[in-house]
Amino acid sequence: MPKRTKKIPKNDIKQEQINTRTSKTEISILGLVSNEIASNSNALKLNPYVALKYFDSDWQCFSEWEKQELKAFSNFLSTLKNHTWNEVYRTGGRIPKHGLGYTKYKISDIKSEAIKTRLKSVAEHISEDINFFELRVDQNKLRVHGFQSHSVFFLVVLDRNHEAFP
């Protein structure tokens, strides 16, 4: 009797790879996108949320912000999560700027050496094709700096007095 070889189903292997990286619950709760799903979907349609994985309070901490500034940050979080990334990107480039005021930049263009140093240290740990950008917390001076990965906005630096680009 010839020995039967069992073929391993490729679809099961692909699904297993996805499940080992992230569970369906994690994908749903965190808005994560596996590599396979990312190639079939558009991250611009996702709603952003803020992650503090790369945030360091050495430059500036929320404890330095006044009550109304913290309230403005809470409003910023609500505004951000109610937009898609495509809508966030469309708030940039207008003069005068409005809303979230998405502004992509090169780290070398930043005026504040402290902010520049912090962003450079994070840039060493992420892909070189990721862009840093600034978002407006309010229409005055409050800004945050970070980068996007799928649905996540990784907040890296607080900029209470708009010191990156005064």
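The largest nonpolar core takes in 19 residues, and those with the most contacts inside it are Phe 73, Phe 76, Leu 135, Val 137, Val 144 and Phe 153. A nonpolar core here is a set of buried Ala, Val, Leu, Ile, Met, Phe, Trp, Tyr and Cys residues joined through side-chain atoms within 4.5 Å; buried stands for under 20% relative accessible area, exposed for over 50%, and partly exposed for what falls in between (1.4 Å probe, protein chains only). Two or more residues each come from helix H4 (67-81), helix H5 (85-90), strand S3 (132-136) and strand S5 (152-159). H4 gives the largest share, four residues. A second, separate core has 16 residues, among them Ile 110, Ile 126, Val 157 and Ala 164. In soluble globular proteins, nonpolar side chains do tend to be buried together.

All of this comes from a predicted model, where local features need pLDDT of at least 70 and side-chain atom pairs count only at pLDDT 80 or more, while totals for chains, interfaces and linings use all residues. Residues are numbered from 1 along each chain as its sequence is written, and side-chain values use heavy atoms, with hydrogens and water left out.

Zooming out, the chain has six helices and five strands, running α-α-α-β-α-α-β-α-β-β-β from the N terminus. These are DSSP runs numbered from the N terminus: helices are H or I with at least four residues, strands E with at least two. Of the chain's 166 residues, 38% count as buried.

Contact means heavy atoms within 4.5 Å.Leu 142 sits in the loop between S3 and strand S4 (143-149) and is buried, with a relative accessible area of 2%. Beyond its neighbours within four places in sequence, Leu 142 is in contact with Trp 65, Glu 69, Ala 72, Leu 135, Arg 136, Val 137, Asp 159 and Arg 160. Leu 142 and Asn 161, 19 residues apart in sequence, are 6.0 Å apart in space, C-alpha to C-alpha.

Then there is the lining of the largest pocket, with four nonpolar, five polar and one charged residues. For these classes, Ala, Val, Leu, Ile, Met, Phe, Trp, Tyr, Cys and Pro count as nonpolar, Asp, Glu, Lys and Arg as charged, and the others, Gly among them, as polar. Tyr 89, Tyr 102, Asp 129 and His 150 are among the lining residues. On a 1 Å grid over the protein atoms alone, a pocket is an open set of points where a 1.4 Å probe fits, with protein on both sides within 12 Å along at least five of seven lines, and lining residues have an atom within 4 Å of a point.
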